[in-house]
Amino acid sequence: MKTSQEIGKPINRLEGNLKVTGAAKYAGEYNVGDLSHGYIANSTITKGKIIEIDESKAAAVPGVITIITHKNRTKLPWFDMLYADMDAPPGTPFKPLYDENILYNGQPIALVVAETFETARFAASLLAITYEEEAFETELAAHLDEARDPKKGMATAIKPLPPADKGDFEAAYKDAFARYEGEFTHGAEHHNPLELFATTTVYDGKGKLTVYDKTQGTSNCQLYIANVFGLHYNDVRVLSPFVGGGFGSGLRPQYQLFLCVMASLMLKRNVRVAMDRTQMFSFGHRPQTIQKTKFGANSEGIVTALNHTAIAETSQFEDYTEVVVNWGNMLYPAQNTSLDYKLVPLDVFTPMDMRAPGGSTGMHAIEATMDALSYELNIDPMEFRLLNYSEVDASENKPYSSKELKECYKQGAEKFGWKNRASKPRATKRGNRLVGTGMSTGIWDVIALPAKAKAKFSKDGKLKVTSAVTDIGTGTKTIMTQIAADSFAVAIDDVTFDHGDSDMPMAPIQGGSYTTGVVGSAVKAACKALQKKLFKKAKNISDSPLSGLKITDVVFKNAAIYSKEDFSKFINYKDIVVADGKNWIAASKSNIPNLLELKKYTRAAHSAAFVEVEVDEELGIVNVTRAVTAVAAGKIINPKTARSQILGGMVWGISKALREETMTDHNLGKYMNTNLGEYHIPVHADIHDLDVVFVDEKDDIINELGSKGVGEIGLASMAPAIANAIFHATGKRINKFPIHFDDLM
Amino acid sequence: MNNFTYKKVETINEAVQEISKNKKANFIAGGTNLIDLWKYDLAHPESLIDINSVSTMKQIKVLESGGLSLGALVTNSDTAYDAIVSTKYPLLSRAILAGASAQIRNSATNGGNLLQRTRCYYFYDKTSPCNKRNPGSGCPAKNGLNRMHAILGTSENCIAVFPSDMCIALAALDATVNVSGPNGDRKIAFTDFHRLAGNSPEKDNNLEHDEIITGLTLPNEDFSQYYSYLKLRDRNSYAFALVSVATAMRLEHNKIETIRIALGGVAHKPWRDFEAEQFLEGKEPNRKNFTEAAKMIIKTAKGYGDNDFKIELSVKAIVRNCMMALHPETQRPGAQPSL
């Protein structure tokens, strides 16, 4: 009997039609009645105080309803904890419109509310603000001597600080046969999902609010709003059924949510606040980071000494951290290690998780260093990684729950045609163009968290499963439907998965590639609980064919419960509901991971990227002509949506290596290329032949589904593979991202 | 965005009359740059004069002289794909198609292309000092982020560059800009249309407020055999040139009879160096001669930090593009380097 029918099928996104026809509504598109529009004014200085806000011209514009600033805002709590969302790092969360102090350039300082968006925007442009400016610092490289250890807090549980030194790094590095020492840098980067941050707040009266928000966590925003504005948890409903991209930018409630809700409560009216593209650069970002590596290997090509340090920026008010330096020793079992991670507080907003946070940063340094060392040793880069392959995580001396990285190397290399490459750099040309190939390993951890789901089955044979989780465009709705169909044993056409509503069972914020495993396991648990409940009710039906049987005596199949012994004895799910006399039967269930058991293992997804580049020898123009990424991520629920995730990660890798950076003018203390014309992400003409391989990987430990998630792993390996291919093409090792053509000219 | 009045006009005369009424009036055609500037709170038209119905400005036609007239309201796309333009002036087609995106080219007009404003980060940020936007406030680009900025003909006041691709080809092709105003019509040689920043960086060009561009004239000259447009930028499409080069030439007995070289992304206007062109005339079209000419062109170039690379890059780009011009069939999409 087939137990899995929908899981593993490459079905199309269920909401695809709604999205491409424009029927899917995003947070800024709910045109409720009596809607007023807020436009945010942002600080134009980087540090100091607001002395005066002259509102006279703005207030005189017909159609302006109110102007909210720190002077006339509603009473707000002073207690920091109430502003701490589920993703808040240690420190003091930013409190919008709290007082006159300016902590960073672009800080929201006023909300102009008007009858139309255009009126609000125009009036906001007429606000005359007088500041008292103070000296500021935004350049990481100029403040490395101020680097300090990060503060510890809740976040440290998911983002462990570097493990203690092992062996004697200095001695081993000195004795090494081959060494490479490198410094790796990248500037700030901003998420820039296509959908702009927006909130529509519907004022329901009596302190009740319905809030449509762009977020990666409806429960998180509900908690934040209730705490900050002193509302009852149950009086705040946050909905986010469609999200036009997240990439981490929606992990924390953003300030437009705060301002929109505040305006709605003050005016007792429905209010919308939408950011513009420039404002999308006024909150979290991937932090500027400067890394140093020193790896040493013996004459057999075994890495014996591994030193990796990173210094990253954070804000003056929160200690945002990433896992940057831990990955090297998880992959390569050097016995002498020295790892360090430090922060420098600057006058910027707190950085924020951005796709493969820390992982994509660290892998750049680790994998470029491994690549450089392979050339020093005259060993093929992939062979070098295989020589240093480890079945255990040497950094913590733990087994992996599963690790099919070797298959990734093998199948990826085969598909790419790796073995045909020249061993020396600058050996292949096409016309004026140097051709090179490079590869890189990728790793991303598998996070376990609790989540809850509810399943209900109706008398007309439909299964409805709900969870507060969002679908940030990854295909969550589709794969949860697949999981529910198989878990409950019904046809997928009879299943609906509803989500993105804080009234639904609680789910963690959607990030870290953990949603499939975490929420998927909760969906499975709820479906199993509902089966159990149906079975109990089925037994109580008079003349039940299942009477006297235990749950172990039956199977659930084709929307019915069968006796294992005698398949002629069965009851349809529908008939159980009908017999029960109600419209439906429901069950809720939380999935709570067994952390004590999980802690015995290192749990990670792996990848291997193979890249070919062409570099114009004279002009330096780089094209990524083809790439293959092989991924081991446990059970792949839907190969089509999973492939899209990996392709998206690979495109981002091209972006990270060659295109994107937020350019900061450190004299002005502000980001300057704050639009999609100048913040360069790849366009179609930059993307050529990309392919994805999923290798089989069975994992009974990580979660109920054996699925590791694919959101970040495609990015982790891509950017370093490009840098390595550029070295192979040109003989030039450029250790800063993005690599521009003039670096290679 | 401020409130404004809107008026549709049908004739050139009407357009000139309307614009003369208000110093803060703007023509609108494709709107691809004006609307951006407006949203960024940089442009504040009080009166918008819609010229899209002026039918006399919407044609491409062969003139008695044998030259070609391009109406100011013909879209960039229609110009690029026009049968005569793409066969007789293929350099222009290639330059146009290397610019913006298909959607923008479908909306943007030939007249508007000449009037687009710089993409300098500081100009676009209304709270930064900028002599072009707010004369006398300073130029943070000189000591700041200037990867995209000028190396030729710069002034103490402004190092912004003019961002067009189309205009680089028009400069190379010796086009003429046809203008109407309250005092009648006048013609401006293309290389005299845009200005260097000098002491009045707020003025991008020599068009008066009450004048309208009615069209462009391309002379009756054949550069359909040897030509190339090269655009070097930070991505393969939808990015402005860091350096671009338009080359058009005619050969006689393997010697250069006539050559035109125009540079984009390096100055406040499309850059021509007549001395370097003259130097090449009568010489063999080879790397050595092109390199020498290229060095003449960047003789007075000056870098400001981030853009220092443009000096060496310009030499390499000029040489490559002149070599590419000998083999126009090798051109790759997006005006990428070929050969």
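1. Helix α13(A) is followed by Gly581(A), a residue with a positive phi near 85°. Helices (H or I, at least four residues) and strands (E, at least two) are DSSP runs, numbered from the N terminus. The model is predicted: local features need pLDDT of at least 70, side-chain atom pairs count only at pLDDT 80 or more, and totals for chains, interfaces and linings use all residues. Residues are numbered from 1 along each chain as its sequence is written, while chains are lettered from A and ligands numbered from 1 in the order in which they are written.

2. Helix α13 of chain A spans residues 573–580, and within the helix Tyr573(A), Ile576(A) and Val577(A) are buried (20 or more other C-beta atoms within 10 Å of the residue's own, C-beta atoms being placed from the backbone; 12 or fewer is exposed, in between is partly exposed). These residues cover an arc of only 95° around the axis, so they sit on the same side of α13(A); the arc is that of the directions from the helix axis to the C-beta atoms. An α-helix has 3.6 residues a turn, so residues three or four places apart point the same way.

3. What do the buried residues of α13(A) pack against? The partners in chain A are β19 (451–458), α12 (515–540), β23 (560–563), β24 (570–572) and β25 (584–591).

4. The axes of α12(A) and α13(A) cross at roughly 65° and come within 9 Å. Axes are lines fitted to C-alpha atoms, for helices over the stretch in contact, and angles run from 0 to 180 degrees between N-to-C directions. Leu534(A), Lys537(A) and Ala538(A) of α12(A) meet Tyr573(A), Ile576(A) and Asp580(A) of α13(A), contact being C-beta atoms, placed from the backbone, within 7 Å. By class, this contact has four nonpolar, no polar and two charged residues.

5. In chain B, helix α12 (residues 287–297) and helix α13 (residues 309–325) pack at an angle of about 140°, with axes 9 Å apart. α12(B) is therefore oblique to α13(B) (under 35 degrees is roughly parallel, over 145 roughly antiparallel, 65 to 115 roughly perpendicular, the rest oblique). Residues of α12(B) in the contact include Phe290(B) and Ala294(B), and those of α13(B) include Ile318(B) and Cys322(B).

6. Glu52(A) lies in strand β2 (residues 48–54) of chain A. Glu52(A) counts as exposed because 12 C-beta neighbours lie inside 10 Å. The C-alpha atoms of Glu52(A) and Asp213(A) are separated by 32 Å, the two residues being 161 residues apart along the chain.

Note on methods: Contact = placed C-beta atoms within 7 Å. Nonpolar A, V, L, I, M, F, W, Y, C, P; charged D, E, K, R; others polar.
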